[in-house]
Structure formats: structure tokens, C-alpha cells
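Trainee: I would like to take a close look at a single part of this protein, together with the surroundings into which that part is built. Could you take me through it step by step?

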Amino acid sequence: MSFKDLKLIKPLLKAVEASGYASPTLVQQKGIPAILDRKDVIISAQTGTGKTATYALPILQQLFDRQDAPKRGKKIRALIISPTRELASQIKQNFKSYGQFSNLRAYTIFGGTSIEPQVDVLKKGIDILVATPGRLLDLHKQDFINLDYVENLVLDEADLMLALGFIDDVKKIERLCPENKQTLLLSATMPYKIEQLANGILKDPVRIDVTVTNSITKDISQTLYYVPKRRKIELCLHLLRNEIKGNVLIFRRTKFGVKKLEDRLAEKGYRVDSLHGDKNQSDRQTALNKFKNGYAKILIATDVAARGIDINELDNVLNFDMPNVAEIYIHRIGRTGRAGNIGNAYSMCSADERNYIKTIEALIDVQIPIIQDHPYPLDPKAKPPVHKKKGSRYKKGRKSAASKKKKKRWY
Ligand code: AMP
């Protein structure tokens, strides 16, 4: 399926192409038609599945369709509620990039910053407002915000709103918007209180669930190699020479890592290609075709670049870097062992990645067999390196805000 099949208008297709998306993700395939249809929708999806574009694209399309309406005048017509300012900024960024070929204006307001600049922008008029609940209600109370013209209301990461105690605020905000709006609710999990909220405010909603299951098919053989970080490349070469038969999709966390590994493997004479964020769509497609038709036996990718690609008959997956979010592990290795074929999932884990293994194993409820007999074993007593940054805010032993967060981020 392509974005064109989803009946998106040209300015949006152009923006999607400029963002480098080859094809819609699963949640986009299911969600965009329902939202364009102006249905209320409940989406169960984690961050990283492409959920923001799932609602941003059809909302932009609806606003775009009506943007020449005579009474338009920059009223707030789409309101997105986000539990955190980080997410609010990201969402606004997404609206900006998908709406880059329109004159629709998106803006974000959140607490903890001065109110005046936000009021100035609101006075000039905007079409799409992304807001955290507290600041929104505050500005509404002071009469700087009018929600009478809202046509689309989105509650993103609803379960986090619940956890942070925003549910009553959310209900209040919903009541401030017109009755006949379209409401979309997104949540990674569906606790009872979220179901209750959804039942109270959504009308006959369509339900879309793309949360990953934590089961891994028995057709995937998993193995784990502990290895010092600096020896990973040697172990990778050893595996390519001695273990890995057939094609292999290698995952790295960063595009820099992808490029570095690609250069090293090409130097060694391997037919290798890569997918990463610096490549345009046609280069990505060429790389994919080379891999699919067997010319390149090795494809190296970041998680985001590999999203949505469908490669049948993938023999092996190699986690060169361990994913820092457990669900990504399932997503990566689920690309092999499909349709009755047997697949192999190799993972290379350095000392600083050991904690990731714990959360992965807890999620999949399986202990991944460790291969001890290899030429580059990790000293069992090796401690994770301590990164001492000048002026670091975090003292030893204190967890960062990000690591305290429950396993939320998806990729
Ligand atoms: P989200 O789940 O909305 O947080 O999206 C996670 C990441 O996926 C963002 O960096 C998006 O830019 C990216 N993304 C969204 N849709 C696609 C797509 N169809 N293909 C590739 N990347 C995408």
C-alpha cells in the first residue's frame, strides 16, 4: 500500500515524500481512512509506530479542504492535547512538516514558560493548537483561547494523561469544544479508566489496535553474544564468516553507526547496502531492491528507516546494537521466521547494554540462549562504562527522568 492509495491530497503526498516515508505504517494504513471518514477513532499504538502522522495527515487534509471557507479567519479548528511538553513539541513539529505545503498554522502551548509570547501568537490566529492540559485551561480561563470552532480533538497518549492526573482536565477541555467535533483518542495501553473516558466522550468509535504482542514465533532461533563494545565489528565479521547463512538485516541504533559499519563491511568485500535517514526515497528503494533481489546479502538499517519495509524470506536478523526499548527487539526479530520459514536472530550485547537484555527477556518471557564459545567474550566482571559528563545533572545512582519513565518509547 502507498500513501496515494490512502487518498491523500497532493500537498500532503509531497510532504510525506519530503519526510522520506516510503509507505504508510500499519497504524497509518488502518487509521487514515477512518479519520478521513470523520469517524471517532480509538487507536492503541505506542510511540514509534507512526501514530502522529496517522491523525496529523487526515486532520490537515480536512482543514486543507476547507481552508478557503469564507469565515475561516484562523480560528482554532484542530486541538491536540498532549500530556507532556516534549510530546507537544514533537507533535507540532510533525504538523509543521506534513503541512509544509499549506498555509495552515500550528502552534504549541505548555506550562513552565512565560505566557505572553503564547498569547501574542494566539491573538494572531492559528489553525492547529497542540497543548498540555493545564496551560490550555489557564489560557482559556483568561479568555485568550476560544475553542468554539474546534472540529477535531485529539487526546494523545491518554494513558500517560491518566498517570499524570490530567483526566479531569481532559474532560473539562472536551466539554469546552463543540458537540459535533471529531474525537480521536490514542493510548499505548487501555486501562479501565481510559475505556471509561472513551465511552463517555467518543461517539460510536472505530477501534484500531496495533500494539505489539510480546510473543515470538517458535520459528525464530534467538542467540545472544556478550562482547566488548570495541570488538563488536570483529564478532560481526566472525558471525558473517562462520554462522550466518543467507541474507541478513543488521540493525544499528544510529545512522552514523549504520554508515560506519557499511564502510567496514564493504572494505572487506561484502555486498552490502543500507537504509538510514540521510538517504532519499529513491536511494532507499534502490537499496531495498538490491537486497530483495539478492544482489546485496547484507542490509544495515536504523529502526526508523526499516519501518514499514516488507522483506519476505529474510533469513537472519543481527542486532549489532541492542535496542533500548524492549518492544523494538520483538519488532526487529519478527522480520525473520515469517510464513513458516525458520529464521535466526543474533544479538550482540556489550557491558553497557546488559540492562536492556533484562527488560527484553521480561517482555518476551524467555531467556535468550547465550553463546559463550566465541572468540571475543566479554569479561564477566566488566562493569558498564561510567560516562562522566562535565556539569552532568545526574549524580551517580540517580536515575534520569527518561529512564524512570515506564517502558513507553517505542522507536
Ligand atoms: P510516532 O509514532 O508518531 O512517534 O513516529 C515515530 C517516527 O516514525 C517519527 O520519527 C516519524 O517521522 C516516523 N514515521 C512516521 N511515519 C512513517 C512512515 N510511514 N515511514 C517511515 N517513518 C515514519
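Trainee: In which helix is Ala-88 found?

Mentor: Ala-88 is found in helix H4, where helices (H or I, at least four residues) and strands (E, at least two) are DSSP runs numbered from the N terminus. Before going further, please keep in mind that this is a predicted model, in which local features need pLDDT of at least 70 and side-chain atom pairs count only at pLDDT 80 or more, while totals for chains, interfaces and linings use all residues. Residues are numbered from 1 along each chain as its sequence is written, and side-chain values use heavy atoms, with hydrogens and water left out.

Ala-88 counts as buried because its relative accessibility is 0%; buried means under 20% relative accessible area, exposed over 50%, and partly exposed in between, with a 1.4 Å probe and protein chains only. Leaving aside neighbours within four places in sequence, Ala-88 is in contact (heavy atoms within 4.5 Å) with Ser-82, Thr-108, Phe-110 and Val-130. Ile-109 lies 21 residues from Ala-88 in sequence, and the two are 8.0 Å apart in space, C-alpha to C-alpha.

Two strands pair if DSSP finds at least two bridges between them. The open sheet has 7 strands in the order E3-E4-E2-E5-E6-E1-E7, with parallel pairing, and its edge strands, each pairing on one side only, are E3 (106–109) and E7 (206–209). From one strand to the next the twist averages 15°, and helix H2 packs on the sheet by touching E1, E6 and E7, with a direction at about 165° to that of E7. For such angles, axes are lines fitted to C-alpha atoms, for helices over the stretch in contact, and the values run from 0 to 180 degrees between N-to-C directions.

Helix H4 (85–98) also belongs to the elements that give two or more residues to the largest nonpolar core, a core of 37 residues in which Tyr-55, Leu-57, Ile-80, Phe-95 and Ile-128 have the most contacts. A nonpolar core is a set of buried Ala, Val, Leu, Ile, Met, Phe, Trp, Tyr and Cys residues joined through side-chain atoms within 4.5 Å. The greatest share comes from H3, with 7 residues. Phe-95, again leaving aside neighbours within four places in sequence, is in contact with Tyr-55, Ala-56, Ile-59, Leu-60, Ile-80, Ala-106 and Ile-128. Apart from this core lies another, of 32 residues, including Leu-79, Ile-126, Leu-129 and Ile-173.

H3 (residues 51–65) has a further partner in H1 (residues 10–18): the axes of these two helices come within 10 Å and cross at roughly 150°. Their contact is made by Pro-11, Leu-12 and Val-16 of H1 and by Leu-57, Leu-60, Gln-61 and Phe-64 of H3.

Among contacts between residues at least 6 apart in sequence, 76% join residues at least 24 apart.
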